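Work through the exercises below with the coordinates open. Each task is followed by a solution in steps.

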Amino acid sequence: DHGAVWCGYLGIILLAAAYAGIGIFASSITNNQIVAFLLALCISVLFLFIFGALAGNAKGIFGKILNYLSISSHYDSITRGVVDSRDIIYFLSVAGLGLMLADFVLSRKSATD
């Protein structure tokens, strides 16, 4: 099925954009590359596994919020071939938030120098 394949490619591109935004933010916080990598890894694991695991145990609106924050729920939806605007907005928001936070951190660092 060509549609599912193209949606899978779209999902990988959006996932990479979200992880790049997280990585750029983590890199802006510290000057050490190893610390930046480990921080980006921890934030990514939080979005990928922890929110999903907590959403499975939580009930009600709190469970729905945690499920929405989980990257895996949005990625799974796209790879099934369902292109939903909520999923695209989610990935672009995570990437944009990472870039905006990196810009804020770097502007604060340059203001103090």
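Contact here means heavy atoms within 4.5 Å. The model is a predicted one.

**Exercise 1. Repeat the length check for H5 and state what covers its buried residues.**

Step 1. Buried in H5 are Asp87, Tyr90, Phe91, Val94, Ala95, Gly98, Ala102 and Val105.

Step 2. The cover over the buried residues of H5 includes H1, H2, H3 and H4.

**Exercise 2. How many aromatic pairs are there, and what is the geometry of the pair of tryptophan 6 and tyrosine 9?**

Step 1. The count is 4 aromatic pairs, with ring centres within 6.5 Å as the cut-off.

Step 2. For tryptophan 6 and tyrosine 9, the ring centres are 5.7 Å apart and the planes stand at 70°. Planes over 60 degrees apart count as edge-to-face, so the pair is edge-to-face.

Step 3. Both residues belong to helix H1 (residues 2-29), where tryptophan 6 and tyrosine 9 are 3 residues apart, about one turn of the helix. An α-helix has 3.6 residues a turn, so residues three or four places apart point the same way.

Step 4. Tryptophan 6 has 59% relative accessibility and counts as exposed. Tyrosine 9, at 49%, counts as partly exposed.

**Exercise 3. Classify the pair of tyrosine 68 and tyrosine 90, and say which parts it ties together.**

Step 1. The rings of tyrosine 68 and tyrosine 90 have centres 5.7 Å apart and planes at 75°, so this pair is edge-to-face.

Step 2. Tyrosine 68 sits in helix H3 (residues 60-69) and tyrosine 90 in helix H5 (residues 85-112), so the pair ties together parts 22 residues apart in sequence.

Step 3. Tyrosine 68 counts as partly exposed at 38% relative accessibility, whereas tyrosine 90 counts as buried at 5%.

Step 4. Ring pairs link Tyr68, Tyr90 and Phe91 into a cluster.

**Exercise 4. Is histidine 74 buried or exposed, and which residues is it in contact with?**

Step 1. Histidine 74 is placed in helix H4. Its relative accessibility is 4%, so histidine 74 counts as buried.

Step 2. Neighbours within four places in sequence are left aside; histidine 74 is then in contact with Tyr68, Arg86, Asp87, Tyr90 and Phe91.

Step 3. With aspartate 87, histidine 74 makes a side chain to side chain polar contact at 2.7 Å.

**Exercise 5. Which residues form the salt bridge?**

Step 1. The structure holds 1 salt bridge.

Step 2. Aspartate 84 and arginine 86 form the salt bridge, with their closest N and O atoms 2.7 Å apart.

Step 3. Arginine 86 counts as exposed, at 54% relative accessibility.

Terms used
Residues are numbered from 1 along each chain as its sequence is written. This is a predicted model: local features need pLDDT of at least 70, side-chain atom pairs count only at pLDDT 80 or more; totals for chains, interfaces and linings use all residues. Side-chain values use heavy atoms; hydrogens and water are left out. Rings of Phe, Tyr and Trp (its six-membered ring) pair if their centres lie within 6.5 Å; planes under 30 degrees apart count as stacked, over 60 as edge-to-face and the rest as tilted. Helices (H or I, at least four residues) and strands (E, at least two) are DSSP runs, numbered from the N terminus. Buried means under 20% relative accessible area, exposed over 50%, partly exposed in between (1.4 Å probe, protein chains only). A polar contact is a pair of N or O atoms within 3.5 Å; within protein, one must be able to donate a hydrogen and the other to accept it, and residues adjacent in sequence count only if both atoms are side-chain atoms. A salt bridge is a side-chain nitrogen of Lys or Arg within 4 Å of a carboxyl oxygen of Asp or Glu. The expected span of a helix is 1.5 Å times one less than its number of residues.
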